[in-house]
Amino acid sequence: MRNLFYFLIFSILFVLAGCEDAIDVDSGFTEEELVFDAWISNDATHRTISIYYTQDYYDNSPFKPETEALVEVSNGSEVFVFNHTGGGNYSNTTPILGTEGDTIKLKATVGDKTYRAHSVIHRVPEIDSITFAEEENPANGDTEILAEFFAKDFEGVGDTYWARAYLNDTLLNKPSEIVLIYDVSFIKGSNYDGGYFIRPLRLAINAVKDDGNFRSLEPGDEITVELNSISNHAYDYLQTVQEQATNGNNAIFALPFNNAAGNIKDEGGKRAIGFFQVSKLNTMTAVR
Amino acid sequence: MKSIYLFCLLFLSSQAFSQEYTINGTISDAENGESLIGASVLDAATGSGTTTNVYGYYSLTLPAGEHELIVSYLGYTESRVVIDLDENKKLDIDLAVEGQQIEEIVVTAKQEDRAVKEVQMSVNRLDIKTIKRVPSLLGEQDVIKSIQLLPGVTTIGEGAAGFNVRGGSIDQNLVLLDEAPVYNSSHLFGFFSVFNPDAVKDVQLYKGGIPARFGGRLSSILDVRMKEGNVKDYEVNGGIGTIFSRLSVEGPIIKDKASFIVAGRRSYIDLLAKPFLSEGLKKSVLNFYDLTAKANYKFDSGDQFFVSGYFGRDNFGFGDAAGFNWGNQTITTRYNHLFSEKIFANFTAYYSNYDYKINFGETAQDVFDWSAKIKNFSFKPEVTYYINPNNKVRFGGQSILYEFQPANAVAVTEGVETDISLDIQRALESGIFIENELNITSAIKANYGLRYSHFAYLGGRNKYLYGEAAELGNEKPLTGVEYVEKGDVISSYGNLEPRAGINIELDNQSSMKLSYNRTAQYIHLLSNTTASTPLDIWTPSTNNIKPQKADQVAVGYFRNLQDNEYELSTEFYYKWMQDIVDYIDGSDLILNEYVEGQILPGEGRAYGTELLLRKVEGRLTGWVGYTLSRTERKVPGINNNEWYPSRYDKTHEFNITGIYDINDRFTLSTNFIYATGTPGTLPTSRYTQQGVLVPHNTDGRRNNFRLPAYHRMDVSLTINPKKSNKRWKGEWVIGIYNVYNRRNAFTIYTKQYNERVSPGETINSEAIRLSVVGNFIPSISYNFKFK
């Protein structure tokens, strides 16, 4: 989001002469590493933890799953076992893992190594409404019908949220569709706090087309917004994921490459790849 | 002890032996009265002499009696004046351009040998006539792009703002326009520079051996001097180019006493495009312009007063929805005063400002207005004492009062307004220096000096205290905030900066030079993108950010060949940098109150050799340059705390620039550049999180691959019409940039294909080569001069 300015401007410039070509690159990949994809919710909405291994960046085949892991999640008083359901995916169907303020712990044993992480369930605001309106696209002059969701940040600096949107039941999960919210805005460190999320975030639940513009909604389109509470660390992590996955859009203003640093560590304190997060979420659906 | 004795002896020597008198004055162009910088004035009999300073002033003290003075300057007819020295005399000399019949073509019988004789090394000089002949992108003559064709100066790539000197980052260059710093030297990000070639007189870039009179940046000083304006006749210059149209007017206010120049440029793509835009885009804005102006007045006493200014702006807008503009403003006033024939003083006061503004939001319900600024005022006295032809002392000082406004921001969401501005930062930077240029023997000359700089970060705002980061390279935790009263100092730093250069003449055509400089830098550009953006803000050194420091040694061999027709130089340098500024992973550098906790200090080193062969006379002029270099950084928390090549490291850089005067109607210019690709970072492995492909680098190395080599050739042809009208002179310039259509990579990046996938499904990825200039770019422009 914060690179919106450069992107807007560079896209104009680029028309002048620039060009992009797909090329072959040798990644120099040598070492597979264990990955956790463990973004779950305290209710039963998201309950899959995936464990698998990294591969060559340009290798488009499925990942090698880890099928022999022992995965446990606990809330201090109860332990929930996540069972392997195939393909390195581990699930549990308990209705509630914990409530707001609880610290949820992950323990995963893979071979002779044990990995641990913990996550606090943070507060999340209700979604007040989803509205639809005609918008003129400033970049090309087209008129679009877009959805806008309204929710109010809590008073107090440091609430971080992740809004996941679904268009007609399809999760909008292009890298550019990750909607990260730091209090009211996307400007960490600004102390901008309390009140309705700023407009660029409210509109960011719309699907992004291949050309970078929002897809205009058709009559009958259904939009679902799921607002997840996440930790500040998870916010930083997802921001890095998004920045690195969309860094090419920044063209000459690219950010330096860096690995997203997660919260899962082995007993020796070595960081594993991936993140463990337990969110509380609120959902709203609207049909145009 | 011995050297002090020698020094005293030299200091007194000439006074002791005979009666002496001083000749002083200015050397100017006979046609328009522009003073000439670096013109040489020599006593024919003894060979002792001096050169004019940046105001064209010289002072030469010789024994009583008759002397023949030889006054010369590159591209001008040498002048010989016989003078009977029986008292102090004032002598202003006008030199005529040689080969006047061929406009702007330089033919001289005997070239000066400044490169060999002067103490100063590691300096790149380009006169504006050469800059105007170098082929350029879209035919826009460009001071900074031309400087980049000389050894030791590089850029990350096309479109990137600024330039890198001997392994320094772009904020380590002090870019001065008539002594006022220009904080962002680019239009349209980095495609064009802010200097209007019609208003520029002289450009010098100090890459090393930086004299004590300059301070404030680690790596270089780009000293751009504006023309004073024709003091004899009115003159209009202009041009219609692909990007800009230009117009300048200059002339006498009082003939031979006072003159002015006003020069403006404006881009006009938007004007041309407007009729073709759809209704929705009609309100779009894309333009940039600059206005440069100067006036001067010469008093009968020889004193002179100058006032000059620059105002430039880049504007982008999408109707009411979004707007973005930025620009520099500078105003400089200067007063030259002669305390005596031997004592020249200059007093400079300037104001400089760089600011940008951004706004979003069509309705008053949801608005985001944001601006940032760096303002400064400075006063700078400098005195030169011309003791005798072998000994010159300069001393002076400078004070700069900075005001940083990192963010003035107001956000409105659903009608509720919130001010999220960051507090203003103020600081005072001061420096004093003394510099002595001394001819120790007829073959050994030295220029040594000392600068003391001091920086105070001023109160009237919060001071932030940070603890140790949990892990190396992480954000430092805030441990406290204290309010520091106005008038108190939050933190202060002082540095002694010794500077020295020595020239040992091996024979009449060759010399060996050595130099050392220490430099300190107290303000830093916070920028973590590949190319700097106009949004990057400057920050002062604070209690958490230390000043950057550098030491550089350089040694060089200089030789002139074939009666100074060719100049050959080779230099080796080594530079160490301390407390250079880097950032934590995922840093937020703008609108962040706690940005000081995200800065990682590091060290840097840069070394290399530069070779330059210049042909300065004849029909064919130009140069061949080669640089072999390395620049590396080591920042705890980055690249596993090991050394890594910086983003602008280029092992080899080779350059040919040739300007050939076919006849008096046609000039053909060409340049060819070859450079090793710059390093970048690419992922080794992949994984996904919730259906998003994440690039990952197993060993965490920064800059783990190199882009393919960069090479490019440009040509341009200048055509003067057959019969030029006496008052109207026009020329066509036809050029092609990137003649053989190479797609040089600016960067290579990776991405997942555009499709949306469910968590668990496979994702396709690819590597993309981004070329900013993807094709050859032809251009045509018309320049004119009217008198």
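B:Arg706 counts as partly exposed, at 30% relative accessibility; buried means under 20% relative accessible area, exposed over 50%, and partly exposed in between (1.4 Å probe, protein chains only). The structure is a predicted model, in which local features need pLDDT of at least 70 and side-chain atom pairs count only at pLDDT 80 or more, while totals for chains, interfaces and linings use all residues. Residues are numbered from 1 along each chain as its sequence is written, chains are lettered from A in the order in which they are written, and side-chain values use heavy atoms, without hydrogens and water.

The side chain of B:Arg706 meets that of B:Asp649 in a salt bridge (2.5 Å, N to O), defined as a side-chain nitrogen of Lys or Arg within 4 Å of a carboxyl oxygen of Asp or Glu. B:Arg706 lies in strand β46 (residues 705-706) of chain B and B:Asp649 in the loop between β40 and β41, so the pair ties together parts that are 57 residues apart in sequence. Strands (E, at least two residues) and helices (H or I, at least four) are DSSP runs, numbered from the N terminus. B:Asp649 also forms a salt bridge with B:Arg630, with the closest N and O atoms 3.8 Å apart. B:Arg630 belongs to strand β39 (residues 620-634) of chain B, 19 residues from B:Asp649. B:Asp649 is buried, with a relative accessible area of 0%, whereas B:Arg630 is partly exposed at 28%.

Over all chains, the count comes to 64 salt bridges. In chain A, A:Asp266 pairs with A:Lys113, the closest N and O atoms being 3.9 Å apart. A:Asp266 is buried at 13% relative accessibility, and A:Lys113 is partly exposed at 39%. A network of salt bridges links B:Asp178, B:Glu179, B:Asp223, B:Arg225, B:Lys294, B:Arg334 and B:Lys380.

B:Pro181, in strand β13 (residues 180-181) of chain B, is buried at 4% relative accessibility. B:Pro181 and B:Asp94 are 87 residues apart in sequence and 31 Å apart in space, C-alpha to C-alpha.
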